[in-house]
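Good morning, and thank you for coming. Please look at the model on the screen while I go through a few of its features.

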Amino acid sequence: MATGGWGPPNGPGQGGNRWGPSPAPDPFGPPPAPQPYGPPPPNPYGPPPGPYRPAPAGRRWYRRVPFLSFLVPLLRLAHRPARRLFDQDGGGRVHDPVVDRVQITRTVLGVLATLALYYMYGSDGDLKDQASQSAGQLIVTPVLLLIAGPVIVALFIRYAPAERRRMLRSRLSVPAKTVGWYVLTVAVLAATLWAVAANPEGLEGLHGVWLFVAAVPALVFVLWGLPFFFMASAYVARSAFNTAYVHAALPAVITVVMVWIIAVMNATGSGMPHGPLWAQFCSLFGGPLSVTALSLWELRRLRTRHGVTIRG
């Protein structure tokens, strides 16, 4: 049967083209020429580094502000040791990011509610008094914890089952060390302030090297010591001297007791604020009631999500 075209058909497996079959490669011919763009030689210094990811645009935005570019790193230097000493992990502590976010949200809403009440029914003097009272509470709360905290912890351990009391008492070393660090911080702060107050004209009589030697510690104390003290006080008030190391439910129990002690002190000391009755009630008892509700919710979450009970 004749086929069209000028040569044999170009079917599968037959090779060639319409003008004829392709010649087979000569096995005894010269080797093929090397490729001009072959694989690169191996790097004697190891593989090259991977691609660098650009830093997010919003990170370290404070470096563009002259004052914050100096203040924020300094606050971080004070924040890291304060958190390491007064907010330790381990023991019976349970990390729950949901509880942390709710606590921060409650604190922010409480501050905004206080400002709104004093803006509506208070004066500038009342707002200044409230600000000084809040700062005073931040300092007084650790002192009250030092007094009432051991009693609450002792009653908590006494309420626990008999087989768990020895284990709970063995974990008291971490809260005791935290108390020691905080007392040492307060002692150094008080001694420095007393030295400055007792001799306010001491730096005026110094010159040269002695002025530099005396001025550097004073500058470090003002720029690092005071932020460290306030951050330490905030962590102590939140963690109740790391009592979560003993039992995860202890900070919530101590917080409820302490917040009502402070509420009674405020009610008997400063009296009722200005405004209608509902504003006075919210100003005096809004904070303690919200903190109590949050602590009870935290205890319930510890029981349902993490299996931690007060007696467990």
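Arginine 93 and aspartate 89 form a salt bridge, and their closest N and O atoms are 3.5 Å apart. Please bear in mind that this model is predicted. Arginine 93 also meets the side chain of aspartate 87 in a salt bridge, here at 2.8 Å from N to O. Aspartate 87, in turn, has a salt bridge with the side chain of arginine 83, at 4.0 Å from N to O. Taken together, Arg83, Asp87, Asp89 and Arg93 are linked in a network of salt bridges. The structure as a whole holds five salt bridges.

Is aspartate 87 buried or exposed? Its relative accessible area is 10%, and buried means under 20%, so aspartate 87 is buried. Arginine 83 counts as partly exposed, because its relative accessibility is 45%. Arginine 93 also counts as partly exposed, because its relative accessibility is 24%.

How many residues does the largest nonpolar core have? The largest nonpolar core has 28 residues, and those with the most contacts inside it are Phe86, Leu145, Tyr182, Val236, Leu250, Ile254 and Met258. Several helices contribute to this core: α1 (68-86), α3 (124-159), α5 (173-198), α6 (209-239) and α7 (250-269) each supply at least two of its residues.

If we leave aside its neighbours within four places in sequence, methionine 258 is in contact with Thr141, Leu144, Leu145 and Ala148. There is also a second, separate core, made of six residues, among them Ala248, Ala249, Leu299 and Leu302.

Which residues make the nonpolar surface patch of about 550 Å²? The patch is made by Ile104, Val108, Leu109, Val111, Leu112 and Leu115. One of these residues, leucine 109, lies in helix α2, which covers residues 97-121. Why does leucine 109 count as exposed? The limit for that class is over 50% relative accessible area, and leucine 109 has a relative accessibility of 52%, so it counts as exposed.

To review, please find the salt-bridge network of Arg83, Asp87, Asp89 and Arg93, then methionine 258 in the largest nonpolar core, and lastly leucine 109 in the nonpolar surface patch. Thank you for your attention.

Definitions and conventions
Residues numbered from 1 in each chain as written. Predicted model: local features only at pLDDT ≥ 70, side-chain atom pairs only at ≥ 80, totals over all residues. Heavy atoms only, no water. Patch = residues over 30% accessible without salt bridge, like charges linked within 9 Å, V, L, I, M, F, W, Y side chains within 5 Å. Areas by Shrake-Rupley, 256 points an atom, 1.4 Å probe, with all protein chains shown as cover. Helix = DSSP H or I, 4+ residues; strand = E, 2+ residues; numbered from the N terminus. Buried < 20%, exposed > 50% of the residue type's maximum accessible area, 1.4 Å probe, protein only. Core = buried A, V, L, I, M, F, W, Y, C linked by side-chain atoms within 4.5 Å. Contact = heavy atoms within 4.5 Å.
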